[in-house]
Amino acid sequence: MSLLNVNNLTLQFDTDEGRITAVDDVSFELNAGEVLGLVGESGSGKSVTAKALMKLNPDNAVYGDQSSITLTLEDDKIDVLSLKSGKDLQVIRGGAVSMIFQEPMASFAPAISIGDQMVEQLRLHKNITKREATEISIEMLDRVGISDASKRFNQYAFELSGGMRQRAMIAMALSTRPSLLIADEPTTALDVTIQAQVIDLMKDLIKEFGMGILFITHDLGVIAQTADRVAVMYLGKLVEQGSVRDVIKNPSHPYTRGLLNALPKLDDLDTPLMPIPGDIPSPLERPQGCVFHTRCSMAEPRCMQSVPAYSSFGDGHKAACFVTAEQQGVS
Amino acid sequence: MNKAVKQGIDTHSSVSQALITADKLSVQFPIGGGFLRKKQMLRAVDDVSLAIPKGSFFGLVGESGSGKTTLGRAMLRAAPISGGSIHYSDGEVSYNLVDLPKTELIEYRKRAQLIFQDPYAALSPRMTVRDIIAEPLEVMGITKTREETDERVRSIATKCRLNLEHLRRFPHAFSGGQRQRISIARALVSNPRFVVADESVAALDVSIQADILNLLKSLQEELQLTYLFISHDLSVVAHICDHVAVMYLGRLVETAPTRELFRAPRHPYTKALMSAIPSLDPDQRGNAQKLEGEIPSPTNPPSGCKFHTRCPHTIDICKQKEPTLDHLGVEHDVACHRWQELSGPA
Amino acid sequence: MSLLSRKSKSDDSQALKEAYFTASQGQLIRARFRQNKAAMVAAWALTLMILMGFFAPFLSPYSPDIAGRDKEYENGAPQMPKFWDENGFSARPFLYTMERERSIKTNFRWVTTENREKRRYVELFVRDWEYSYIDLDWDLPGDFFDVDVKALTTDLHLFGISEGGIHLFGTDASGKDIYSRTLHAINTSLAVGTLGVLISFVLALIIGGVAGYFGGWIDSVLQMITDAIRTVPPIPLFMALAAFMPDSWSSETRFFFIASILGLIGWPTLARRIRTHLLTERSQEYVLAAELCGASSSHVIRRHLLPSFTSYIIVDLMITFPYVVRSETALSFIGLGLTDPVNSLGSLMQSVSKADVILNYQWYFIPVLFFIAFVLAFVFVGDGLRDAADPYSKSKK
């Protein structure tokens, strides 16, 4: 049963410099208990997509006519894009859908203790007393591995180290028992040994809470370790999607292949690093046709003229490329 | 532990000549305090001895608080040295960096340069690219005429694969990767021998990272450079460096040629660091050796071996006594009381 | 076709793109400023007013001092030239003749009536009282400082009238033309503002500059001094100083004194801003890069710090200017600053608070409108400049 259905999501921004397309016709779905990785570099549109799920984009965002985001929560289907009033949005923001960010300092107000913020968040979404909220919060802090939870509850964000802050943010996000957790680069700012701890923690929590996670990152290694399925984005387009195993072992889009080749891998020190030639184009100058053709080694004239449709490479694995579709004899 | 318990430098003279050598180097900063409050000393670099061979691509790895950036800056005389010494010797000149007189310092600056991390902050938005690259030449008085300057700017820009027509543009016209190339060109225009690259690819997208790393590698061959490559990313270091030194909380814990280090790491921290890197193989999950606890604050480091609070193999002596750097093979040094017992079959 | 729009893909836009890439900060700021409609309108209005102030004697039919007063028309209402009335159309604008008579019929009071039959025509480019564009006659304490320079003397005025008076904004109690006085007052306010801002700026630059550049204990000490001065309450200070100003001082001396005091009070805010800019710039990585090449302080200041904060400083000055003008106006209004007969927007408003005036002579308020427009124009331009000068507020990576 699909928890989240994103269909034909198109997002443009009206700026001084013109209309910029940030997300172009993106569709994917996420099931409960599943981790979907959303991978991309700068300008890929992954963060914007995530924010759209909670309608957090600025006012100059223009959604496409066909775009729809549907949340299915316990027999209640919510059309996110049509939500307007503050009260309706509150259900998704922090209630059924929670988000954790890259920079934990950004999530916590500096002058209010962590405990107070967690309690406030809880009471916004659930009708419980302050005492109950405090209990739940301290329990959550403990659950995420913060020692001395009741003491930390009263501390301020700056008193905690980076790793602990991130755990506290996870605790805060999960205290409302959301059905969908959006994690926007949650480990990017952490040291690698701390990152390993936090990834472990998240995997345990997924098993326990059974929520769906949309894990956004540029780090394919982290995705390989945590996600079930992965979607690769480039310049607003979703170029490849599939199970983690399929996409990493059999990448079917030149961009995915390029990314994997460019990554330094510890178990293969002899192969030289292969960059993807060229630079990521500015969103103001999106290439025509296939959005990747300007940097693709296999580009043909038709790649410049028309946008490739998705071809299926097996069990839920699809990619949008004319050439690989032909090579692998699929449609 | 009985054999050759020495600082590893002297025994390396048979291997390629060291360009720059740090001997028991310490760097500390006063922090906090005001008019009346007492200042605390933060030991960013604590008694580090390290030799960077000439022509090498030397990697320096560590997490936050490891002191790697400070060490790099100290080697460029951009951080206050509170103990120990640094020697620079490139075959033409030899300097003792600690008490360097001003005239010699100027000369040293021509030979030792820094590439910054953030391509967006490292370039002045008000100067054209040509001026940015030319600045070191003008400041250090290396070229005498404008033509000479232009000539050198063009030459290094071409080597860094920058389009010459773009020289009259301002930084806002360029992407992250291109800006980093401008940064590199600026660092190399004075023809240095020693370049410190401080997290120079950390802020770049993966596909661009590989490009810049390859550029650094090819420039090394072309211009006979020696790099000190500072990074938190062990996989990047593994691919591009020929030597690696691992730091933790201001101390050097292990140093070895890259292949050797990855084949047989000896220090528990090095092992943990390596296994913490998420593998790209989805079938290899849960093999990591997890390190518990947080990185201690550098202002309040643990006693004895600084790593003991998180080390899975701590025994009493680890809490009391700091391990010295033991030499265990060709250029392979490790600072751990128990490395011998802990290294089973590699 | 602005420097900032780079939408389509044609050769034309290629040139445009190149222009954007090679545009210096100054050019980008100007382009951004031009896009801001409100700021552009304000900039035009400001330029217009400054020109009006500069060409005040040319534009005024009467001298703003006692010599130009119209004894026949004291406290007179504004007179708007007409083109058309029941007697027919006239290409030349005209006014009615005001006749005053005093007789037993009117209880020996002066009564002015309008004679609609007798027209007086407005004339353009008349020759009337003499004035100089550069006329400095400063009588400062001590003979050494006295200045007496006259240059560019002419007697050409934009308009005048054949006989009688033409008072577009009416006259005040002594018959002086308010329109002429207002124009000259703009000049005075500009002069006070400029002098005050200049004094503030020099002081702020030195103190803020030293504090920001050196940091450390120098910064702490200077900050304490700055804060101490900032806590001085301005109004009691001015009152005390006003009481101190001897009456024997000429108006120029008073003028300099007021402007200097305003400058001396205003520098802390500016100093703090300069210090902040400097501290930020100092810690930029490109400054460190220059220092790592052994760049001298003067190189760093010249090449990196000064260009970076020039745009901010211009903005700060623009924003400070109206404060100084406003302070002077407020002071003069309550009688502590420049007083009658000096023309400043504040002194013109001195008599406005009398009940007599509010009830009967509402045209005294016209200078207030000018004052408001003047200050608002500065504020809008300053705001526009500040928005334009912040180069990274809208750019994307």
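pLDDT is the predictor's confidence in each residue, from 0 to 100. We need that score today, as this is a predicted model: local features need pLDDT of at least 70, side-chain atom pairs count only at pLDDT 80 or more, and totals for chains, interfaces and linings use all residues. Residues are numbered from 1 along each chain as its sequence is written, with chains lettered from A and ligands numbered from 1 in the order in which they are written.

Chain B, then. Its average pLDDT is 85, and 91% of the residues score at least 70. Residues 1–15 of chain B stay under 50. For that stretch the model has 24 contacts beyond four places in sequence. A contact means two residues whose C-beta atoms, placed from the backbone, lie within 7 Å.

Now the neighbours of chain B. How many residues of chain B are in contact with chain A? The count is 36, against 34 residues of chain A. Helices 5, 6 (206–223), 7 (234–240) and 9 (268–276) of chain B each supply at least two residues of that side. Helices here are DSSP runs of H or I, at least four residues, and strands are runs of E, at least two, numbered from the N terminus. Helix 6 of chain B gives the largest share, 8 residues. By class, this side has 18 nonpolar, 11 polar and 7 charged residues. Nonpolar covers Ala, Val, Leu, Ile, Met, Phe, Trp, Tyr, Cys and Pro; charged covers Asp, Glu, Lys and Arg; the others, Gly among them, are polar.

On to chain C. Here 25 residues of chain B are in contact with 21 residues of chain C. The largest share of that side of chain B, 3 residues, comes from helix 3 of chain B. The classes are 15 nonpolar, 3 polar and 7 charged.

Chain C itself has 13 helices and 4 strands. Of its 397 residues, 31% are buried, meaning that 20 or more other C-beta atoms lie within 10 Å of the residue's own, with C-beta atoms placed from the backbone.

Last, helix 8 of chain A, residues 192–209. Its 18 residues should span 26 Å at 1.5 Å a residue, and the end C-alpha atoms are 25 Å apart, which agrees. The expected span is 1.5 Å times one less than the number of residues. Which partners do its buried residues pack against? They pack against helix 7 (162–174) and helix 9 (220–226) of chain A, together with helix 9 of chain B. Among those buried are A:Val192, A:Ile199 and A:Met202. Just after the helix, A:Gly210 takes a positive phi of about 65°.

Notes:
A residue is buried if 20 or more other C-beta atoms lie within 10 Å of its own, exposed if 12 or fewer, and partly exposed in between; C-beta atoms are placed from the backbone.
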